[in-house]
Amino acid sequence: CLECEAGKFSSSAASSSCTTCDAGKYASASTAAISCTSCVAGRYSGTVGADSSGVCLECEAGKFSSSAASSSCTTCDAGKYASASTAAISCTSCVAGRYSGTVGADSSG
């Protein structure tokens, strides 16, 4: 019996083939994968069949990813922002007395 190649997994016994990991997930070559590992919240991957956590990229400024296994990031609404300094899992609201009409804002200033 052969191990699944990187980027693929086999979750059941007596499998005749391996399944490719979806975007937002990966399986490394160092283990015989029985499942794919999800990119953590705040990171995403559009790559199907990814073979390492290195494909999980931080959302760019003005965007966020609130859940694991995201294949893309969501743009912050007007009145909210997400800075580039952290892998954003949500957007931060402008405080009372301040506003932003910009969709995808990347700072509070």
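Of the 109 residues in this protein chain, 26% count as buried, where buried means under 20% relative accessible area, exposed over 50%, and partly exposed in between, with a 1.4 Å probe and protein chains only. This is a predicted model, in which local features need pLDDT of at least 70 and side-chain atom pairs count only at pLDDT 80 or more, while totals for chains, interfaces and linings use all residues. Residues are numbered from 1 along each chain as its sequence is written, and side-chain values use heavy atoms, with hydrogens and water left out.

Next, the secondary structure. The protein chain has ten strands and zero helices; strands are DSSP runs of E of at least two residues, helices runs of H or I of at least four, numbered from the N terminus. The radius of gyration is 18 Å, well over the 13 Å from the globule rule for 109 residues, so the chain is more spread out than a compact globule. That radius is taken over C-alpha atoms, and the rule is 2.2 Å times the number of residues to the power 0.38. Along the principal axes, the C-alpha atoms fill a box of roughly 65 × 20 × 15 Å.

Now one residue. Where does alanine 41 sit? Alanine 41 is in the loop between β4 (37-38) and β5 (43-44). Its relative accessible area is 28%, so alanine 41 is partly exposed. Leaving aside residues up to four places away in sequence, alanine 41 touches Ser65, Ser66, Ser67, Ala68 and Ile89, a contact being heavy atoms within 4.5 Å. Glycine 79 lies 38 residues from alanine 41 along the chain, and their C-alpha atoms are separated by 22 Å.
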